Amino acid sequence: VQLQASGGGLVQAGGSLRLSCATSGRTFSSVAMGWFRQAPRKEREFVAAINWSGSSTAYADSVKGRFTISRDNAKNTVYLQMNSLKPEDTAVYYCAAARGVGVAARIYDYWGQGTLVTVSS
């Protein structure tokens, strides 16, 4: 599975962005997908995850109510809609694929290259 994240950019606080993660390979519809982020001088942290069918999702407390993860298996793509962005959301965002939904980075076998989100105050 190869992952390509896109959609990052510069946005003002309170604004919105939608990240996309396009995948290759026939197994996309059978894997769980997650988004992680890493801010400068901080460790990578879990943001959101979705199971293979889209029927189950999980979010970090810091983004709950503001971010929404979704997927389109016909397009082999997972999305992260980010609303009410805050300066502390500034980070490189990574998409990843795993066999099951989880918050631990270690369970994700495949990672995209990351896309930078910068939120100005």
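In this predicted model, four strands form an open sheet in the order β1-β3-β8-β7, with antiparallel pairing. Strands β1 and β7 lie at the edges of this sheet, each pairing on one side only. On average, neighbouring strands of the sheet are turned by 15 degrees against each other, direction ignored.

- Strands β1 and β3 run antiparallel and are joined by 5 bridges.
- Within this pairing, Gln4 stands opposite Ala22 in β3.
- Gln2 also belongs to strand β1, and it counts as exposed because its relative accessibility is 61%, against a cut-off of over 50%.
- Beyond residues up to four places away in sequence, Gln2 touches Ala22, Thr23 and Ser24.
- The C-alpha atoms of Gln2 and Cys21 are 9.8 Å apart in space, with a separation of 19 residues in sequence.

- Strands β4 and β5 pair in the antiparallel sense over 5 bridges, and Trp35 stands opposite Ala48 in β5.
- These two strands, β4 and β5, form a hairpin with 6 residues between them.
- Strand β5 is also joined to β6 (residues 57–59) by 3 bridges, and the two run antiparallel.
- Strand β5 is largely enclosed by the rest of the structure, because 5 of its 6 residues are buried.

**The largest nonpolar core**

- The largest nonpolar core holds 34 residues, of which Met33, Trp35, Leu80, Met82 and Tyr93 touch the most other members.
- Two or more residues of this core come from each of β1 (2–6), β3 (17–24), β4 (32–38), β5 (45–50), β7 (67–72), β8 (77–82), β9 (91–98) and β11 (115–120).
- Strand β9 gives the most to this core, with 6 residues.
- In soluble globular proteins, nonpolar side chains tend to be buried together.

**Thr115 in strand β11**

- Thr115 is placed in strand β11 and counts as buried because its relative accessibility is 11%, against a cut-off of under 20%.
- A polar atom of the Thr115 side chain lies 3.0 Å from the backbone nitrogen of Gly8.
- Leaving aside neighbours within four places in sequence, Thr115 is in contact with Ala5, Ser6, Gly7, Gly8, Leu19, Ala91, Val92 and Tyr93.

- Most residues other than glycine have a negative phi.
- Arg41 is not a glycine, yet it has a positive phi of about 65 degrees.
- This residue, Arg41, is found in the loop between β4 and β5 and is exposed, with a relative accessible area of 82%.
- Ser84 is likewise not a glycine and has a positive phi, of about 50 degrees.
- The position of Ser84 is in the loop between β8 and β9, where the residue counts as partly exposed at 41% relative accessibility.

Notes:
Residues numbered from 1 in each chain as written. Predicted model: local features only at pLDDT ≥ 70, side-chain atom pairs only at ≥ 80, totals over all residues. Heavy atoms only, no water. Core = buried A, V, L, I, M, F, W, Y, C linked by side-chain atoms within 4.5 Å. Buried < 20%, exposed > 50% of the residue type's maximum accessible area, 1.4 Å probe, protein only. Polar contact = N/O pair within 3.5 Å; in protein donor to acceptor, adjacent residues only side chain to side chain. Contact = heavy atoms within 4.5 Å. Pairing = 2+ DSSP bridges. Axes fitted to C-alpha atoms, helices over the stretch in contact; angles between N-to-C directions.
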